[in-house]
Every structure is written in structure tokens, then in C-alpha cells.
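Please look over the sequence and the model shown here before reading on. The report then goes through some backbone details, some helices and the chain as a whole.

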Amino acid sequence: MSISAHALNRATLARQLLLGREPLDVEDGLRRVVALQAQQPASPYIALWNRLSGFDPAGLDTALAGRRAVKATLMRLTLHAVHAEDYRAFREAMEPTLRGSRLGDSRFTASGLTVDTTTALVADLLHYAEQPRTVAELGGRLRARLGAPMEPAAQRMLRQYAPLWHAPTGGPWSFGTRPSYVAADTRPVLAEPDVAAGSLRTLIRRYLEGFGPASVADMAQFALVQRARVRTALTALAGELEQLEGPDGTVMYDLPGAPRPAEDTPAPPRLMAMWDSTLLAYADRSRVVPPAYRKHVTRVNGDVLPTLLVDGYVAGVWRAVDGGIEATAFHPLPGRVWEGLAAEARSLMSLLATRDPRVYGRYDHWWTKGLPGAETRLLPGD
């Protein structure tokens with residue numbers, strides 16, 4: 001069975017709740033979409049606003065405060081918001097990648113710590129962080145244990161490797177610029193290859209639920225794990241998955257019965273969050289981002305700008321300004337699309353009004369430097 005590029009796009013939109021907002025609470029919504037990139041504190045909120053009908057940001061505040069939704073270093077070695085029930089398997093699946101990239105980083109190895117010392121330090125940090133701790137407090141604890149200060153870069157590597165969750169610190173989006181950490185409630189098993197292999201199979205199944213169908217390269221990109229590990233996991237899952245032929249002949253994997261809408265299914269316009277996972281979950285990002293626009297959206301330093309999604313594909317970028325949303329389209333859009341975007345802007349500005357009306361304002365320099373656009377409009381907030 002084959003599947004077209006357009007049908008792959010619609011499958012992604014369906015699983016990411018972007019064909020129509022669903023009447024789910026925050027926790028169920030988070031489980032459905034699997035993982036939301038969260039290095040920018042506002043992004044999980046805007047991502048869920050795009051996906052859930054009647055979304056109340058207080059619901060995500062409550063889930064994060066109650067540790068039912070958690071923010072931690074996971075896939076692609078970056079911060080994600082996931083449901084607490086998914087955290088352990090995801091972290092165990094990521095163990096070889098995190099261990100190699102963080103404990104194997106030259107900035108960490110220069111500290112001279114041995115494997116045994118590092119294992120003891122992680123255990124001690126988790127005990128110490130049974131209640132939220134600031135970066136300074138964790139640094140003080142490490143200094144007390146080691147008898148000398150640890151270099152800030154090495155400390156950062158250790159914090160990112162250890163199974164720590166970001167603890168809410170307040171501010172408009174639960175997290176501010178000064179992070180605080182707390183030990184994970186559900187402790188993953190570390191440095192056990194068999195555990196990591198089993199949990200990678202769980203991660204792949206969950207990934208396909210939220211982002212499938214997908215290729216080996218897509219799965220490896222999503223988690224930033226070696227393709228050989230993905231292939232081994234797929235061999236073990238062979239009886240549970242279907243295989244499809246992708247548009248270029250690539251083998252695609254999927255869960256039987258997972259949503260695959262017709263390729264002509266209408267897709268409403270959306271104002272997507274910065275670093276929205278839908279744009280980043282694939283090796284072949286043309287599923288959602290036209291190749292000609294990729295460099296406009298993903299900047300040279302890795303910033304992924306907030307985008308206009310039109311008919312399921314990135315068609316421009318947006319930013320919050322005084323008076324509304326400034327939308328820049330990379331190609332001409334028909335009037336009905338601008339009307340849909342204007343309705344989205346009014347809803348988004350209502351969300352932002354009591355939180356952060358100039359959300360993402362620190363990234364305005366990308367607009368100052370210039371972005372190509374066929375048309376720019378101010379979409380009023382009222």
C-alpha cells in the first residue's frame with residue numbers, strides 16, 4: 001500500500017489535532033499529541049490552544065504544578081512537555097543518547113569525574129532535589145560533595161543528564177528565565193541497555209500515534225537516536241506495525257487503524273507556536289514545511305519562528321505587536337484565508353491578553369533583519 005505526500009501531511013495534522021480543535025482537557029490533549037517542545041515557556045500553551053477547544057491556560061498551569069505534565073530534557077536533547085505517564089519510558093529510551101552527549105561532552109569529561117563518581121553525584125542530586133532547587137543550590141550541593149566548584153558547563157551537562165524535571169517558578173507561562181529543578185517522581189532506570197531498548201520500542205509506538213506514518217530516518221530524527229537502534233526496535237515490533245510505501249519509495253511504518261484522512265481533507269489555518277513539534281518531528285520536514293521556506297522559518301542559530309499554517313503547510317510567520325498579530329505570508333493568500341487567520345488572531349490575542357501580549361518579543365530581531373514576504377497584514381486582536 002502506498003501513501004502520497006499530501007496524505008502524509010493530513011495524517012500528521014489529524015494526529016496532532018490540527019484538522020479541528022478537540023474537546024479534551026490538557027492532560028488528555030498532551031497524551032494525544034505525545035510531546036510538545038518547551039524550550040520557550042509560552043510554546044506549549046500556544047500549541048495546546050491550537051489543538052484543544054475551550055483551552056484554558058490555567059489547566060496547563062495546574063497540570064505542571066501537580067506534576068501530571070512535566071518539562072524535561074528529552075527528545076532531540078531539548079526541552080519537551082510530556083505527560084508524566086510517558087516520562088519514564090521516554091527518558092529510558094533516550095538514555096544512550098543523553099549519556100553519550102552529556103557525560104561524554106568534553107566540557108564534562110574535563111571535570112575529571114569517573115563513571116562511579118558521576119553515578120553517585122546523580123543519586124545525591126536526586127535525593128537533594130526531592131524539593132525544588134535552583135541552579136545555585138544544585139551548584140552548592142555539588143561543591144560540597146566534590147570539595148571544589150564544578151565548572152558551570154559541566155554542571156549544566158550533569159543537570160541535563162540527571163532525571164530532573166523543571167519545577168514551575170511562576171511568571172506568565174509557569175516557567176521564567178531562572179530555572180528550578182525537582183527530581184522526577186517516576187525514576188527511570190539508567191545505564192541498562194535492555195531497559196533502553198524496550199523503552200525505545202514504547203517511544204516509537206507513541207511517536208507513531210502522534211506523528212505517523214514515519215520512516216526510520218524520521219524516528220531517528222524525532223528522538224535523535226542512532227538509526228541502527230531504530231531498526232532493531234522495528235524488528236522487535238514487526239508484528240505490531242504496518243508498512244507503507246512513501247511518495248519516494250521510502251518504507252513508512254504505522255500503527256494499524258491509526259488515522260489517515262483523505263488527502264483532500266480540509267485543513268483550517270493556524271498560528272503555530274515557536275518550535276512547534278509538528279515542524280521538527282521528521283527528517284523530511286517537507287511534510288509540513290515547503291523546502292523553499294525552511295531557511296526562513298528555521299534561523300541560522302536554530303530558532304524556529306512562529307508560523308502561519310495554511311492548508312496544512314507553512315505559508316509564513318507571525319509575531320505579536322501592539323494592536324494584534326503581524327502576519328507575513330511568503331506567497332499571496334486568498335481573502336478567505338486571511339479571514340480565517342484574522343479569527344485565529346482574535347482568539348490568540350484573547351489568550352495572550354492576561355499572560356504576555358508581546359509573546360516572543362525577544363525574537364523581533366529576526367524581523368528587523370528582514371524576512372521575505374509577499375504580503376504583511378496586521379490582524380487586530382479585537
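This is a predicted model: local features need pLDDT of at least 70, side-chain atom pairs count only at pLDDT 80 or more; totals for chains, interfaces and linings use all residues.

Y360 is found in the loop that runs between α16 and α17 (365-369), and its phi is positive, near 65°, although the residue is not glycine. Most residues other than glycine have a negative phi, and most peptide bonds are trans.

A positive phi, near 60°, is also found at L224, a residue of the loop between α12 and α13 (227-236). With a relative accessible area of 40%, L224 is partly exposed. L17, which follows α1, has a positive phi near 60° as well. The peptide bond between G212 and P213 is cis, with omega at about -5°, and P213 belongs to the loop between α11 and α12 (216-223).

Helix α1 covers residues 5-15, and nine of its 11 residues are buried, so the helix is largely enclosed by the rest of the structure. The buried residues are A7, L8, N9, R10, A11, T12, L13, A14 and R15. Among the elements that cover them are the helices α2 (26-33), α11 (193-211) and α14 (277-280), together with the strands β8 (251-254), β10 (307-310) and β11 (313-321).

## Helix α16

Helix α16 (residues 335-353) has 19 residues, which at 1.5 Å a residue should span 27 Å, and the 26 Å between its end C-alpha atoms agrees with this.

## Where α5 meets α6

Two packed helices are described by the angle between their axes and the distance between the axes. For α5 (residues 84-93) and α6 (residues 95-103), the axes come within 4 Å and cross at roughly 55°, and the two helices are therefore oblique to each other. In this contact R91, E92 and A93 of α5 meet E95, P96 and L98 of α6, which by class gives three nonpolar, no polar and three charged residues.

## The chain as a whole

The protein chain contains 17 helices and 13 strands. Its radius of gyration is 21 Å, close to the 21 Å that the globule rule gives for 382 residues, so the chain is as compact as a globular protein of that length. Along its principal axes, the C-alpha trace spans about 65 × 50 × 35 Å.

Of the 382 residues, 55% are buried. Among contacts between residues at least 6 apart in sequence, 70% join residues at least 24 apart.

Conventions
Residues are numbered from 1 along each chain as its sequence is written. Side-chain values use heavy atoms; hydrogens and water are left out. Axes are lines fitted to C-alpha atoms, for helices over the stretch in contact, and angles run from 0 to 180 degrees between N-to-C directions. Angles under 35 degrees count as roughly parallel, over 145 as roughly antiparallel, 65 to 115 as roughly perpendicular and the rest as oblique. Contact means heavy atoms within 4.5 Å. Ala, Val, Leu, Ile, Met, Phe, Trp, Tyr, Cys and Pro count as nonpolar, Asp, Glu, Lys and Arg as charged, and the others, Gly among them, as polar. The expected span of a helix is 1.5 Å times one less than its number of residues. The radius of gyration is taken over C-alpha atoms; the globule rule is 2.2 Å times the number of residues to the power 0.38. Buried means under 20% relative accessible area, exposed over 50%, partly exposed in between (1.4 Å probe, protein chains only).
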